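Biologist: I'd like to go through the aromatic residues and the nonpolar cores here. Can you put the structure up?
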Amino acid sequence: MPGPGSRQGIIGILGSSLPKLNSEQQDAVTRAKKYAMEQSIKMVLMKQTLAHQQQQAKSFHRHQALILMCRVYVGSISFELKEDTIRQAFLPFGPIKSINMSWDPVTQKHKGFAFVEYDIPEAAQLSLEQMNGVMLGGRNIKVVGRPSNMPQAQSVIDEITEEAKQYNRIYVASIHPDLTEDDIKSVFEAFGPIKSCRLQQGSSPHRHKGYGFIEYETKQAAQEAIASMNLFDLGGQYLRVGRAITPPNALHTGPSSTGSQMPTAAAVAAAAATAKIQAMDAVATNAVLGLSNLTTSLGPPTVLPALAPGAIQVGVGAIQPVGLAVPPPGIAIPQQFRAPAPIIPGEIAAVLPAPAVVTPTLMSQPIAVGVAAANQTQQQQEALRRAHEHAQKQQEELQKKLLEENEPQTLQQQENMSIKGQSARHLSRVVILRNMVAPEDVDESLQEEIQDECSKFGAVDRVIIYNEKQSEDDDDAEIIVKIFVEFSQMREAEAARDALNGRFFGGRLVKAELYDQIFFDHSDFSN
């Protein structure tokens, strides 16, 4: 007698016919397939949407980094200077988009610093290289780049500058309005072959904005042009020449206006096609696995996977639903078809449980089957509802996390926080200690002693001891020691200020107060 794994046994199994489904059961199968396909499309769409959002977030980060690169911070500005003076001093490096002076509502004067924003990053870089320490209004102004309290943009900025190194481009500003591209090219081609020379066009077709880019064939030619032509008098104006720190067309690839929209109809159709292919692959895989299982052993009798939840009473040669109507289809889980077992008259074969768990349940009475199935179905529907709500919540949290991941603080937010009157001082994490020590008392152990003392109030990030000379012209001018202590939290800084102000240290009365955070972040300790 052939065993269960013999060739004849397999042929007998494959040759046997399955019971035919009635119209109600076929309806349930159709709805289940449709629901499964909808869920597959939704899953593919969600993946596409998340990938789309990640791409938009990357584009937004790059756009924000480029805006940061267009900015410079100008400190130690004389209180007598106005915005037009700052504009006139910084205009030769390129077109200025805006100048934000930090006005104090109490004194009705600016606080001694400003943000200058250019149209292009190269202009900001050139002004940073050539304006720092320049005498303006009787004071040496301090010019630094992007704020140090926005480190999340640094990696993107480094990526942009690395891309720019692949091109031998230089930036030329303060070009006389009557000079043309051919004029500039004829001057600069003396340093080597030029691949391109482009002046930025103005509002009129025959007028340029006073700056442009030149790309050389070799890196050496670009370096020689910068060294030789910077501050060269051409047509009565001193050229400003520096290296290009962005690749071509970098400012023309800002974030898309459709960044917050869902994928288009084409994406939906692609998702449907992808889901269909995945479903076909799953069916093929299940068919192979089912055939493999059939060659080893015959399983116990089970119901067809697409039948609706309810009690199934098996009679001679027929399958009849007992007691329950077909509910809306749940999550369709592919199952393997098994060969039909010999039909036992009058015996209840099985009850189809929740779509997520398939456990054959034998009952002895048809009435008990209907009642038990009704209770079980109600519990299953409640469990499905909770599972659906949980999955939806997880999806929303994931999308929110992706959108907020590495979310950069916008320039406008930082600006508002830092220049609204006295608000920057109230939000500071830095305490300045004056009259704590004399210049001759500063030694190597002082910084460690101050950090240990201030650690009583919270976590200390850093301690800076600054010797400020009261006059640059007088060698014998008085030197004042300022000690800056930066805490991790604002409340810790406030606690340290309240505790240290008015205390005696080495016979000296210490004066402690909060220091402007924006000054400290830009290493401006003289205000």
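Modeller: One cut-off to begin with: a charge sits over a ring if NZ of Lys or CZ of Arg is within 6 Å of the ring centre and within 35 degrees of the ring normal. Also, this is a predicted model.

Biologist: Fine. Which ring does Arg 169 lie over?

Modeller: Arg 169 lies over the face of Phe 213, at 4.3 Å from the ring centre.

Biologist: And what about Arg 71, which ring is under its charged end?

Modeller: That is Phe 115, with the charged end of Arg 71 5.4 Å from the ring's centre.

Biologist: Now ring on ring. How many aromatic pairs are there?

Modeller: The count is twelve aromatic pairs. One of them joins Phe 113 and Phe 115 edge-to-face, with 6.3 Å from centre to centre and 90° between the planes.

Biologist: Are those two buried or exposed?

Modeller: Phe 113 and Phe 115 are both buried.

Biologist: Back to Phe 213. What does its pair with Tyr 171 look like?

Modeller: The pair of Tyr 171 and Phe 213 is tilted, at 5.5 Å centre to centre and 50° between the planes. Tyr 171 is in strand β7 (residues 169–173) and Phe 213 is in strand β9 (residues 208–216), so this pair ties together parts 42 residues apart in sequence.

Biologist: Why does Tyr 171 count as buried?

Modeller: Because its relative accessibility is 0%, and the cut-off for buried is under 20%. Phe 213 is buried too, since its relative accessible area is 17%.

Biologist: Which residues do ring pairs link into a cluster?

Modeller: Tyr 73, Phe 113, Phe 115, Tyr 466, Phe 484, Tyr 515, Phe 519, Phe 520 and Phe 525.

Biologist: Change of topic. How many residues has the largest nonpolar core?

Modeller: It has 27 residues, and those with the most contacts inside it are Val 74, Ile 86, Phe 90, Val 116, Tyr 118 and Tyr 171. Elements giving two or more residues to this core include β1 (71–75), α3 (83–90), β7 and β9. The largest share, four residues, comes from α4.

Biologist: Which domains does this core draw on?

Modeller: At least three of its residues come from each of domain 1 (27–150) and domain 2 (167–243).

Biologist: What is Tyr 118 in contact with?

Modeller: Leaving aside neighbours within four places in sequence, the contacts of Tyr 118 include Cys 70, Val 72, Phe 90, Phe 93, Ile 96 and Ala 123.

Biologist: What lies apart from that core?

Modeller: Another core, of 19 residues, with Leu 433, Ile 450, Ala 493 and Leu 514 among them.

Methods. Residues are numbered from 1 along each chain as its sequence is written. This is a predicted model: local features need pLDDT of at least 70, side-chain atom pairs count only at pLDDT 80 or more; totals for chains, interfaces and linings use all residues. Side-chain values use heavy atoms; hydrogens and water are left out. Rings of Phe, Tyr and Trp (its six-membered ring) pair if their centres lie within 6.5 Å; planes under 30 degrees apart count as stacked, over 60 as edge-to-face and the rest as tilted. Buried means under 20% relative accessible area, exposed over 50%, partly exposed in between (1.4 Å probe, protein chains only). A nonpolar core is a set of buried Ala, Val, Leu, Ile, Met, Phe, Trp, Tyr and Cys residues joined through side-chain atoms within 4.5 Å. Domain bounds come from an automatic or database domain assignment. Contact means heavy atoms within 4.5 Å.
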